[in-house]
Amino acid sequence: MLSVQLNRPDKKNAINTGMYTALNTALVEAAQDFEIRVVVISGVGESFTAGNDIFDFANTEELPMDENAPGFQFIKSLHNFPKPLVAAVTGSAVGIGTTMLLHCDAAYASQSARFTMPFVTLGLVPEAGSSFLLPRLIGHLRASEILLTGRSFDAAEAAEMGLINKVVDAPFDEAMKVAEIIAEQPPTAVINTKALLKSSNHAAVEVVMNAEGELFRLALQSDEAQTAFMRFLSRKAK
Ligand code: COA
């Protein structure tokens, strides 16, 4: 079993380019390592993750903008990861912090968890296949209301919609417990079962991810997005 922890608590575990690269490396190595049967993903401190680093988003000149960008590669790695992924969520789960759960095989959250996909609010579009996966999970009207308003929701609502398995006091302990049970199962049966569970959507999600990626990269450079990033980055200067 591999425990992957987002570890930048002073920035609410916002994921920067270096962290995306490290996450990709961890997933590629875990996929190839026979000893690793399950990956548990969690955040250090009180947050899961505040999502993509907004400073990186604002810096489009330095950010790799093609589909080889580490953030885009991470989304692809998640989608193609062959072994079970179990998430433990406390505090903020923003942007990719929520959309990555759509790729997990089990997820647990504390009462403190708060989920947000503020893509539209930031002048962006949904990513990680969420424009395909979210409406299939919760229905078109609920998905569009959440994505178009950018509103947050709590752990109880996340459990009710099936984005997490349940609300628990200690999500990391629960995630590890479930991961251990999965890790004790015959590994080929686990991998084949995960592949079968995802097979009907796998190619379609990839197509949507690529379409989202193209619009996302265009949106990053738009005035709408750059204005929203500057608003966030200049909050404390006011
Ligand atoms: N990118 C870069 N820095 C971030 C960040 C992000 N996504 N989210 C938080 N931070 C930084 C803050 O700038 C602050 O840094 P500072 O102490 O150097 O000023 C620090 O993390 C703490 O954040 P703060 O906003 O003070 O914490 P909070 O508890 O009041 O709020 C959040 C937490 C997650 C609700 C809030 O930080 C937030 O909305 N972040 C942006 C989330 C976002 O839009 N992500 C992009 C998704 S696509």
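Helix α5 (residues 130-138) packs its buried residues against α4 (96-99), α6 (140-149), α7 (155-161) and α9 (187-220). The model is predicted: local features need pLDDT of at least 70, side-chain atom pairs count only at pLDDT 80 or more, and totals for chains, interfaces and linings use all residues. Residues are numbered from 1 along each chain as its sequence is written, and side-chain values use heavy atoms, with hydrogens and water left out.

The buried residues of α5 are S130, F132, L133, L134, P135 and I138. Buried means under 20% relative accessible area (1.4 Å probe, protein chains only). Helices (H or I, at least four residues) and strands (E, at least two) are DSSP runs, numbered from the N terminus. Just after α5, G139 takes a positive phi of about 95°.

Strand β3 (residues 85-89) is largely enclosed by the rest of the structure, because five of its five residues are buried. L85, A87 and V89 cover one side; V86 and A88 cover the other. In a regular strand, side chains alternate between the two faces of the sheet.

Strands pair if DSSP finds at least two bridges between them.

| β2 (residues 39-43) and β3 | three bridges | V40 and V86 |

An open sheet of three strands has the order β4-β6-β7, with mixed pairing. β4 (92-94) and β7 (152-154) each have a single partner strand, so one side of each lacks a neighbour in the sheet.

Technical notes
Buried means under 20% relative accessible area, exposed over 50%, partly exposed in between (1.4 Å probe, protein chains only). Contact means heavy atoms within 4.5 Å.
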